[in-house]
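Let's take a look at how the two chains of this model meet. Have the sequence and the 3D view open, and read along.

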There are 2 protein chains.
Amino acid sequence: MPKRVDPDERRARIADAAIESIAADGLDGTKLARISRRAGVTTGALTHYFEDKDAVLLAALEAVCERLMAKAAEVDARPAIEQLADALPVDEQSAKEWRVWIAFWGRAAFVPALARVHRDYYRRIEAALAAKIGGENAADIAAAIMAAVDGIGSRATLEPELWPPARQRALLTLMLKPLLEGKAIHDPTEFDTSIA
Amino acid sequence: MPKRVDPDERRARIADAAIESIAADGLDGTKLARISRRAGVTTGALTHYFEDKDAVLLAALEAVCERLMAKAAEVDARPAIEQLADALPVDEQSAKEWRVWIAFWGRAAFVPALARVHRDYYRRIEAALAAKIGGENAADIAAAIMAAVDGIGSRATLEPELWPPARQRALLTLMLKPLLEGKAIHDPTEFDTSIA
């Protein structure tokens, strides 16, 4: 009896290998053969699921987004800014994901399919944030939060030695405190990350 | 008598051609042959000045930085946030430069020479901003300004149709007004962009 292959499991494994590879070598240095080796599948199996490097980048990115969305949906009692800081490159795993994220930016401006994923992801997460913030300028504040996280995160990704987690958090607090002060943060259980 | 070549002029012309090429096709799509054609020089002349694509990217980036620094040094009487907004992708030229900038981010995390340029540029511009802002937390506010500009600018570069100039400026104002309020903005003639 041939070994049964779970396509979802295999796709997930390849996406994880792609994240490791892009984070380690950049998009230019990432070769399909190396990803398949890292994932423990044949190159033939890999090309069955992904036709080119952009398709692999897309899968890596979707895996990163899913994790971020899951993190955002977690219910806990910490202050809101502390939760937002979790999206920054403050540990090994998130630093890796930020490297993939930045590699993606460099391609997305030129590949419409990637640009679409970017836009959809930001729309989802921004809507979820706005719902959590509440009030009439919630959408603007949510956009400002995204910009602050992106601005600090990209900087910290390119200058990790100058941007330890404590400095990233302090700058995020400086930027967001005046915007969030006086804002009623809704019950975090309402934090809805589904696609509208 | 052979035609005399001004190396600085030629380097500048190649750097401009590289900006056009990277902005149009991305870093992956940029070929040295196409840059040399666009610059009106032979491929041999181009490879005399630039050994590989990263060297061209570096030159393109330095040209972009020089222009931004020159813009930052301009003395005028507009409100400070309006001046900062000039660094965003709010017109055709700056949109082009942002595409180069973002392509650069995707490479800089993996190429130490590019990372160094990034760090030096940010240090220069941040020190100049801090001197202009003045006061004891000027360095933090300067870093926050850079993060706000980067966060909005990267977003607008990837979603230009959703981020017209007016929206970029409004978000920048929302983010920076509370930070700059009550801050004494020094005489703009003091805005020093030289390397410390």
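In this predicted model, 42 residues of chain A are in contact with 42 residues of chain B, where contact means heavy atoms within 4.5 Å. Together the two chains bury about 3300 Å² between them, and carbon and sulfur atoms give 68% of that area. Buried area here is the accessible area (1.4 Å probe) that two parts lose on being put together, summed over both. Three residues, A:Phe110, A:Arg155 and A:Leu158, supply 20% of what chain A buries against chain B, more than any other three residues.

A few words on conventions: residues are numbered from 1 along each chain as its sequence is written, and chains are lettered from A and ligands numbered from 1 in the order in which they are written. Local features need pLDDT of at least 70, side-chain atom pairs count only at pLDDT 80 or more, and totals for chains, interfaces and linings use all residues, while side-chain values use heavy atoms, with hydrogens and water left out.

Now to the charged pairs. The structure holds 29 salt bridges over all chains, and 5 of these cross the interface of chain A and chain B. A salt bridge is a side-chain nitrogen of Lys or Arg within 4 Å of a carboxyl oxygen of Asp or Glu. Here are two examples:

| Salt bridge | Closest N and O atoms |
|---|---|
| A:Glu126 with B:Arg167 | 4.0 Å |
| A:Asp16 with A:Arg67 | 2.7 Å |

Helices are DSSP runs (H or I, at least four residues), numbered from the N terminus.

Which elements of chain A touch chain B? Those giving two or more residues are α1 (7-25), α6 (92-108), α7 (112-133), α8 (138-158) and α9 (165-180). The largest share, 13 residues, comes from α8(A).

How are the two copies related? A rotation of 180° with 0.0 Å of shift along its axis superposes chain A on chain B (RMSD 0.0 Å), which is the relation of a two-fold axis. The superposition is by least squares on the C-alpha atoms of residues with pLDDT of at least 70 in both copies. A:Gly151 is the residue of chain A that comes closest to the axis, at 2.0 Å (C-alpha). The same surface serves both copies, as 100% of the contact residues of chain A recur in chain B.
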